[in-house]
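The paragraphs below are meant to be read with the model open alongside. Please follow each residue and element in the viewer as it is named.

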Amino acid sequence: MTLPRPYGLAAEFEDADQLLTAARAARAEGYRRFEGYSPYPIRELFEVIPQGNVTAKFVLPGLVFGAGVAGGFLGYYMQYFIAAVVYPTDIAGKPLNSWLAFVVITAAIALLFALITAFGGTLFFEKFPRIYNPLFRIPTFHRVSNDGFFLCIEATDGHFHPNRTARFLASLEPLQVWEVDCE
Amino acid sequence: MRVAERQQQTARPILPVERTDLPLVAPGVTFRSLTGRVVANVLQPDVPLFWFWCYLAAIAAACVFSTALAIVLDVGIGVMGNNIPVAWVFPIANYVWWIEIAVGGSLLSSILRLTNQGWRSSINRIAESVTLAGIVCAGLFPIIHLGRSWVAYWTLPYPNTMIIQPNFRSPLVWDVFGIGTYALASVLFWYMDLLPDLATMRDHATSRISYFLYGLLSLGWSGASHHWRLHERAGLLLAGILTPLVFTVHTVVSFDFCISLVPGWHSTIFPPYFVTGAILAGISMVALMTTWVRSSFRLTSIITERHLNNLSKLILTTSVIMAYVYVFEPFINWYSGNYFDIYSTYVRSAGNFAWTYWAFILLGLGVPQLLWWKKNRITPRRLFVIALLIVIGMWLERYMLMVTSLSRDYLPSYWANFAATGADNALLYGSIGLFLCIFLLLIRALPMIPMYEIRMLLPLSKPGGGSVK
């Protein structure tokens, strides 16, 4: 029987200030692969844990903008193609490619594309759906969606050492330190 | 005296002003009491008695709706009162009205979010539930009005063996795309906003089935910092996308009218006038539902008087803009010198349906003025009645808009009258039941307060909600 692969060590804290202090300490200690878990977004924590910052700041908005522009072009082209090429109808001699009348649907389709990209992109970058998470095995982890604050240093961090990291986390005065296995 | 010194003497800093605002969340609310309060409303095994009776009544009305719908589909739209030339009365008035009601919720979740209005949080979920239920009702009426509802998909451009395509120069086709995008935007926004709260529900689930369902719907939300980062950004992006939709959706609806040549409709004031009306009706409906839910579920510590006060101020502002439109429109009609436009003003205020015009003036423009008094703004019962009257007034307004213009067209030989039939009334009142059904289910099965946003408003979360008061 092989021992389960460790996922990391998680420390549970009483409030957001402690979590923030702990995260800053972990960063100063040289850890890079760690993550804070909280019941609401803590903006100061975003700077300490830079994962996903670039995605959120540039990649996602860029994709959404690009999708919107592409949607606008496609939407206009669809209308032009149908009204002027495939199914031309002469209504009171109005021009077939009457762009002014196409503005509304062009905008609607541009927004539709942007919308789907914003939603789908967020789920994609969050790697959702991911129903199972090793941390869910921590008996008190349900508090994270209510009033619990966790800091998890992952085992994939080059700096990670089961005993040393545990001692480091214990020095931050958490409520408890949990050993979490993968799987 | 040197300039700098003089400035120091004449310009004294007066900020921060001592603000006497009512609190956003009642003092004493903690993370735990907040979660307990909201979760209990969803998970309590006994159905609250008032909810049960309301739901029963709503279901009964929804049954009336489906019966009427079945008759209309089976017999044909001749059972409704509208006919040429008055072709657009109840179904389209209902459609415009329901879209208006939906827009109110979107305004809260888009523009007020982008402008960082902290007070929006507590009532956001209720407003979004109003939006979703409103869109469902709104979407049905144009389809019913098509006559052959089962081929409603013909309005979409798709390759077909008939080799016919929609006419993109028609505002009615614009509507299909406008409303479709808006409906999808509302659903996605609502779900994105719901994710963290679904995780809370998962973690508090009492039965295996609810644990499984909430677990599945929350997609595995763990509250990780970089998920929050993305979630916040996605919320802003979606709010940014929803913002133009709040305006365009009702602008496109108004195009259905103003691009025609019917006297009284053919006017450039229609888009802003419709959007204002939408915000007035929508926020009134949100206020109506908020006061009701607040007292029924005893949420007075989370939805405070400040929320009612702010909602009332929004209603008051839009009602004043609406009053401006009602002064300006007759003026423009008179100033245009166009005989038919002048006559349409006359028909509205003194014709067969003048009572709807004056009823709207009273309910939609007069009643909101009561909100100048603070007591009326923050007393839930009073606000409830005022909001209800405004919502009714806004329906009458849309009804008046259609029936007066269509029944008195250019040629007297083309004039006709309109009388609503049983099917018309059944569909209107039934759709209110349908709306309440969906709304009641949404607030019962899902947390009706966005918990994670309220947590940020609590003083306990100092490092988090620095920017929100």
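In β3 of chain A, Ile153(A) is the bridge partner of Leu9(A), and Ile153(A) is also the bridge partner of Phe34(A). This is a predicted model, in which local features need pLDDT of at least 70 and side-chain atom pairs count only at pLDDT 80 or more, while totals for chains, interfaces and linings use all residues. Residues are numbered from 1 along each chain as its sequence is written, and chains are lettered from A and ligands numbered from 1 in the order in which they are written.

Strands and helices are here DSSP runs, numbered from the N terminus, a strand being E over at least two residues and a helix H or I over at least four; two strands count as paired if DSSP finds at least two bridges between them. On that basis β1(A) and β3(A) run antiparallel and are joined by 6 bridges, and β2(A) and β3(A), also antiparallel, are joined by 4 bridges.

Taken together, 4 strands of chain A form an open sheet in the order β2-β3-β1-β4, with antiparallel pairing. β2 and β4 (176–181) of chain A stand at the edges with a single partner strand each, so one side of each is left without a neighbour in the sheet. From one strand to the next the twist averages 20 degrees. Helix α1(A) packs on this sheet, touching β1, β2 and β3 of chain A, and its direction makes about 15 degrees with that of β3(A); axes here are lines fitted to C-alpha atoms, for helices over the stretch in contact, and angles run from 0 to 180 degrees between N-to-C directions.

The buried residues of α1(A) are Ala16(A), Leu19(A), Leu20(A), Ala22(A), Ala23(A) and Ala26(A). They cover an arc of only 165 degrees around the axis, which puts them on the same side of α1(A), the arc being that of the directions from the helix axis to the C-beta atoms. An α-helix has 3.6 residues a turn, so residues three or four places apart point the same way. The buried residues of α1(A) pack against β1 (6–13), β2 (34–37), α2 (43–48) and β3 (149–154) of chain A, where two residues are in contact if their C-beta atoms, placed from the backbone, lie within 7 Å. Just after α1(A), Gly30(A) takes a positive phi of about 110 degrees.

The domain assignment of chain A, whose bounds come from an automatic or database assignment, gives domain 1 (6–38 + 148–181) and domain 2 (53–125). The C-alpha centres of domain 1 and domain 2 of chain A lie 46 Å apart.

Some backbone details fall in loops. In the loop between α4 (99–125) and β3 of chain A lies Pro129(A), joined to Phe128(A) by a cis peptide bond with omega of about -5 degrees. Lys127(A) is found in the loop between α4 and β3 of chain A; its phi is near 55 degrees, a positive value in a residue other than glycine. With 10 C-beta neighbours inside 10 Å, Lys127(A) counts as exposed.

Arg298(B), in the loop between α9 (270–296) and α10 (305–336) of chain B, has a positive phi of about 50 degrees although it is not a glycine. Arg298(B) counts as exposed, with 11 C-beta neighbours inside 10 Å.

Finally, the two chains meet where 52 residues of chain B are in contact with 62 residues of chain A. On the side of chain B that touches chain A, the elements giving two or more residues are α2 (31–43), α6 (171–204), α7 (208–217), α8 (225–258) and α16 (451–457) of chain B. The largest share of that side, 17 residues, comes from α8(B).

Technical notes: A residue is buried if 20 or more other C-beta atoms lie within 10 Å of its own, exposed if 12 or fewer, and partly exposed in between; C-beta atoms are placed from the backbone.
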